[in-house]
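Please look over the model shown here. The report that follows goes through its strands, a helix and an aromatic pair.

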Amino acid sequence: MSQTETAVQSETKSNNSNNVQVVPQQRKKGKKQIDPEYVKSPVQLQQQQQQSNHASGSSSSRSSSLKAFQKGGFLSLLLCCTVGAGSFLDNSNKSSLNNKKNRNSSKQMNMDQKVPSIKEEESVQEQQVLDTSTHIIKSIQPTDTPPIPSPISPQSSKNPVAWLLPPLSNEDKEKKCLVLDLDETLVHSSFKIIPNPDFIVPVEIDNQFHNVYVLKRPGVDEFMRKMGERYEIVVFTASLAKYADPVLDMLDVHKVVKHRLFRESCFNHKGTYVKDLSQLGRELSSTLILDNSPASYIFHTSNAVPVSTWFNDPHDTELTDLVAFLDDLTMVDDVQSVLDNSIYTSTITT
């Protein structure tokens, strides 16, 4: 065998040996195996690899670090980004909460500073409204209206006074005075024809007679009889005597009405006929009035027993219902202490 052949054979053997070494490396190709310890702590494993490969030179260290990054670098990078993003969001949330707290505290301070000024403005506005309303009320009050007469007690008056009623009779000295209204309280009258009137009264007006059709309120006869036993009965009406007198003649079947007062006995207050109880000559503590019109007793609301206006309701029972209450008032020393003082309403004509 020549030297050339010998060299070729040796070279062939060396190549075969090299191929034998490469084959195991090709078999390792496929799915990469990740070290569990690297996933748990990639930083420690990377440090160990760098320390072991530091002696082999800069080229070997670079290759080992590259392999470490290929094994778990992506997961490490993802984990670091996730942790960093979480910490960033946490810090941003904390900073936003702190900013909100600071803004709320500043708003609260501003509101605390504004509240006194708002209250002061409201008080000033209320005072202006009160002043304006007072000025309006004073401006609409007429200056030429007659003053309201002051009440006069029959016992306290030294000078002789022309009372509307004569002195009490002996049979009525122990009784209280009950003042009764006529129209829409005890009866309802009309110049028009009313079906089934209780009676018809001819009234002369301008030398001509006109028929007045009268309806009696349900229970009025029994009411008058019982009240006549316990009170001094006075009928006080704002109607004219030429109409009211003949009506009372037919209404008072039990003859219990002791006195009759008409329009001329009323007090003209702002165009309204008011029944001034202080001019009757009776103690106000023992005087009460039954009337459907609050304007009639505006001077003495604490002596009034209000009653509803009646026209033609056949089922009305108000007079009957008032009998028991009026009976109880006969036992009271002062009727003003029992009757409501706030009966006055805004229905009075101004």
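## Terms and basis

Buried means under 20% relative accessible area, exposed means over 50%, and partly exposed lies in between (1.4 Å probe, protein chains only). By that rule Leu215 is buried, because its relative accessible area is 13%.

This is a predicted model: local features need pLDDT of at least 70, side-chain atom pairs count only at pLDDT 80 or more, and totals for chains, interfaces and linings use all residues. Residues are numbered from 1 along each chain as its sequence is written, and side-chain values use heavy atoms, with hydrogens and water left out.

## Overall make-up

The protein has seven helices and 10 strands. Helices (H or I, at least four residues) and strands (E, at least two) are DSSP runs, numbered from the N terminus. Of its 350 residues, 29% count as buried.

The protein exposes about 23400 Å², and carbon and sulfur atoms supply 54% of that area. Accessible areas come from the Shrake-Rupley method with a 1.4 Å probe; for residues, only the protein chains shown count as cover. Contact means heavy atoms within 4.5 Å. Among contacts with a separation of 6 or more, 68% link residues 24 or more positions apart.

## The parallel sheet

Five strands make an open sheet, ordered E6-E5-E1-E9-E10, with parallel pairing. Its edge strands are E6 (257-261) and E10 (304-306), each pairing on one side only. The twist averages 25° from one strand to the next. Two strands pair if DSSP finds at least two bridges between them. Strand E1 (residues 176-180) and strand E9 (residues 287-291) have four bridges, in the parallel sense. Leu178 has Leu288 in E9 as its bridge partner.

Helix H5 (residues 220-230) packs on this sheet. The helix touches E1, E5 (231-236), E6 and E9, and its direction makes about 125° with that of E5. Axes are lines fitted to C-alpha atoms, for helices over the stretch in contact; angles run from 0 to 180 degrees between N-to-C directions. In H5, Val220, Phe223, Met224, Met227 and Gly228 are buried. They span an arc of only 130° around the axis, so they lie on the same side of H5. The arc is that of the directions from the helix axis to the C-beta atoms.

## Strand E4 and its partners

Strand E4 covers residues 208-216 and includes Leu215. E4 pairs with strand E2 (residues 187-190) in the antiparallel sense over four bridges. There His188 stands opposite Leu215. Strand E3 (residues 199-205) also runs antiparallel to E4, joined to it by seven bridges. Val201 stands opposite Val212 in E4. E3 and E4 form a hairpin with two residues between them, and Asp206 in the turn has a positive phi of about 55°.

Which residues does Leu215 contact, leaving aside its neighbours within four places in sequence? They are Val187, His188, Ile194, Asn196, Pro197, Asp198, Trp310, Phe311 and Asn312. Asn312 is 97 residues from Leu215 in sequence, yet their C-alpha atoms are 7.2 Å apart.

## The aromatic pair

The structure holds one aromatic pair. Phe267 is in strand E7 (residues 267-269) and Phe299 in the loop between E9 and E10, so the pair ties together parts 32 residues apart in sequence. Rings of Phe, Tyr and Trp (its six-membered ring) pair if their centres lie within 6.5 Å; planes under 30 degrees apart count as stacked, over 60 as edge-to-face and the rest as tilted.

Phe267 counts as partly exposed, at 22% relative accessibility. Phe299 is buried, at 17% relative accessible area.
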